[in-house]
Amino acid sequence: MKQIAFVSNYYKTEFFFLVSRYLEESGISVFWIVTSKYWLKFLRSKQVRADRVLYLPRSIAKNKFRPLVDLNVNEIIYSDRALKYDPDFAEDYLFSIQKPVYDFLKNNDISFVFGEMTWGHEILINRLCRSISDIKAKYLKPHTIRIPNGRFAFFKDEYEEEIYRISESADFSDSWIYNQNKPDYFHKNNELNSLLGRVKRFPRKFASMFSPAKNDREDPCQRRNKFSFIIGKAKEELYYYLYYLFVNRIGVSDLPKMFWVYYMHKQPEASIDVLGRYYEDQFKNIESLAKKLPDECWLLVKEHPNAVGDRSPFFYRKVSALNRVVVVDERVDSHFLIDRSEITATVSGTVAYEAALMNKKAILFSKVFFSRLEDVVSIKQSSDDKKINIDEFKEMIMINSFEGLISDSLSDPSCMDIVNVEKVGAAFECVIKRPEL
């Protein structure tokens, strides 16, 4: 019998729990790693046995254990949106959880750990599994592959560079065709950040600040200083309206003859703070690109539609002060800009993936899985990295990904539908029972 573990992650815990029930019916034993008292109570209410749960509260940091192995913990702290505000506690916590995690995985003979790689403890557990030979568990992150829509894969590393491969030969007759449709999450996120969407969800967002799930003093994923957190959210609301009132942006009719485009990321977010570690300062990225511009070429900076309000209007003024750099309206269609531009640049955004599929040049400030495409240049790539053409890439993606939606009950409740849970559960079972190639 196989033993696997899930790492609880807020409302995704509810989704993972449904998947765990599917796996248990297939004869797979499921264990849990939890940092939140709220989600610990949730699992106990579902009759999950106490001996199958490892609870890692903030107070474990008081043990001040020494690390088992060098995992470059400081790097993890700086990319965690909560731990970075309290680095002394963060170091004690990440050192102190290593021995309990090691014992839990080893004593229960865990073969796979499934979870996100957003929070510090998730990244640390992944690194622990990859660094200590005594631990037989592989840590995998189930996550959307973005294109084609409605599919996901299991990623082996925090940078989403390596996909867990279960096949090397295609068993389908037709390769998928990129039809320039945006992924489902793109439309959903944009709807949430529209004016109407913000007004609708404001009561829920405000109430969530005081919900039990968001007010667990023992949860290391939460900032202790709630006042500064609330002030930050109030600033976001103010900046949202100031952006539309005071930030100068050009439209389609004002586009220069020759240009590159840099696509901004929402921040804080794992897509930039983890995947793009060391390139998370987006102004520096913009400035670096501006220095490389050919003569008579401009750099357009396009805000992420879901990030309007994240930055002060002074940020855009600073950007526009750079020579031959302008802010373009975030509503201008990205496919239109990709087609017209010389280069598409971003940290890890899907737009670079889209550009490569349209046979256009792209620059990445990360090394995500689609950086292997021939038309993508990664700032982090080495001369040893092997490039593959679009057809080879499409085949690799299709035979190592699965149909299904990975989300949570709050962001996209449709992930909880029984049909989706069965599809996702079957994919998990396939990975658990089949050896990696």
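**A loop residue to start with**

Guide: Glu160 lies in the loop between S6 and H7. Keep in mind that this is a predicted model.

Visitor: OK, is Glu160 buried or exposed?

Guide: Glu160 is buried, with a relative accessible area of 3%.

Visitor: And what's the backbone doing there? What is the phi of Glu160?

Guide: Phi of Glu160 is positive, about 55°, although the residue is not a glycine. For background, most residues other than glycine have a negative phi.

Visitor: Which side chain does Glu160 meet in a salt bridge?

Guide: That's Arg146, at 3.7 Å from N to O. Glu160 sits in the loop between strand S6 (151–155) and helix H7 (184–193), while Arg146 is in the loop between strand S5 (138–144) and S6, so the pair ties together parts that are 14 residues apart in sequence.

Visitor: What about Arg146, buried or exposed?

Guide: Arg146 is buried, with a relative accessible area of 8%. Glu160 counts as buried too, at 3%.

Visitor: Switching to peptide bonds. What is the omega from Ile147 to Pro148?

Guide: Omega is near -5° there, and the bond from Ile147 to Pro148 is cis. Pro148 is found in the loop between S5 and S6, and Arg146 is in that loop as well.

Visitor: And what's the bond from Gln267 to Pro268 like?

Guide: That bond is cis too, with omega near 5°. Pro268 is in the loop between strand S7 (259–263) and helix H10 (270–273). As a general point, most peptide bonds are trans.

Visitor: Back to charges. How many salt bridges does the count come to?

Guide: The count comes to 25 salt bridges. The general idea is that side chains of opposite charge can pair when their charged atoms come close.

Visitor: Give me another one. How far apart are the closest N and O atoms of Arg49 and Asp51?

Guide: They are 2.9 Å apart, and the two residues form a salt bridge. Arg49 is partly exposed, with a relative accessible area of 47%. Asp51 is partly exposed as well, at 48%.

Visitor: What does Lys367 pair with?

Guide: Lys367 meets Asp385 in a salt bridge, at 3.0 Å from N to O. Asp385 is in the loop between strand S12 (376–378) and H15, and Lys367 is in the loop between strand S11 (362–364) and S12, so this pair ties together parts that are 18 residues apart in sequence.

Visitor: How do Asp385 and Lys367 compare in accessibility?

Guide: Asp385 counts as partly exposed, at 28% relative accessibility, whereas Lys367 is buried, with a relative accessible area of 18%.

Visitor: Now helices. At what angle do H14 and H15 pack?

Guide: Helix H14 (residues 350–357) and helix H15 (residues 390–399) pack at about 130°, and their axes are 11 Å apart. That makes H14 oblique to H15.

Visitor: Which residues make the contact?

Guide: On H14, Tyr353, Ala356 and Leu357 make the contact, and on H15 the residues are Ile390, Phe393, Lys394 and Ile397. By class, the contact has six nonpolar, no polar and one charged residues.

Visitor: Zooming out, how many helices and strands does the protein have?

Guide: The protein has 16 helices and 13 strands. The radius of gyration is 22 Å, close to the 22 Å that the globule rule gives for 437 residues, so the protein is as compact as a globular protein of that length.

Visitor: What box do the C-alpha atoms fill?

Guide: Roughly 65 × 55 × 40 Å, taken along the principal axes.

Visitor: Last one: how much of the protein counts as buried?

Guide: Of the 437 residues, 54% count as buried. On contacts, residues 24 or more positions apart account for 70% of those with a separation of 6 or more.

Conventions:
Residues are numbered from 1 along each chain as its sequence is written. This is a predicted model: local features need pLDDT of at least 70, side-chain atom pairs count only at pLDDT 80 or more; totals for chains, interfaces and linings use all residues. Side-chain values use heavy atoms; hydrogens and water are left out. Axes are lines fitted to C-alpha atoms, for helices over the stretch in contact, and angles run from 0 to 180 degrees between N-to-C directions. Helices (H or I, at least four residues) and strands (E, at least two) are DSSP runs, numbered from the N terminus. Angles under 35 degrees count as roughly parallel, over 145 as roughly antiparallel, 65 to 115 as roughly perpendicular and the rest as oblique. Contact means heavy atoms within 4.5 Å. Ala, Val, Leu, Ile, Met, Phe, Trp, Tyr, Cys and Pro count as nonpolar, Asp, Glu, Lys and Arg as charged, and the others, Gly among them, as polar. A salt bridge is a side-chain nitrogen of Lys or Arg within 4 Å of a carboxyl oxygen of Asp or Glu. Buried means under 20% relative accessible area, exposed over 50%, partly exposed in between (1.4 Å probe, protein chains only). The radius of gyration is taken over C-alpha atoms; the globule rule is 2.2 Å times the number of residues to the power 0.38.
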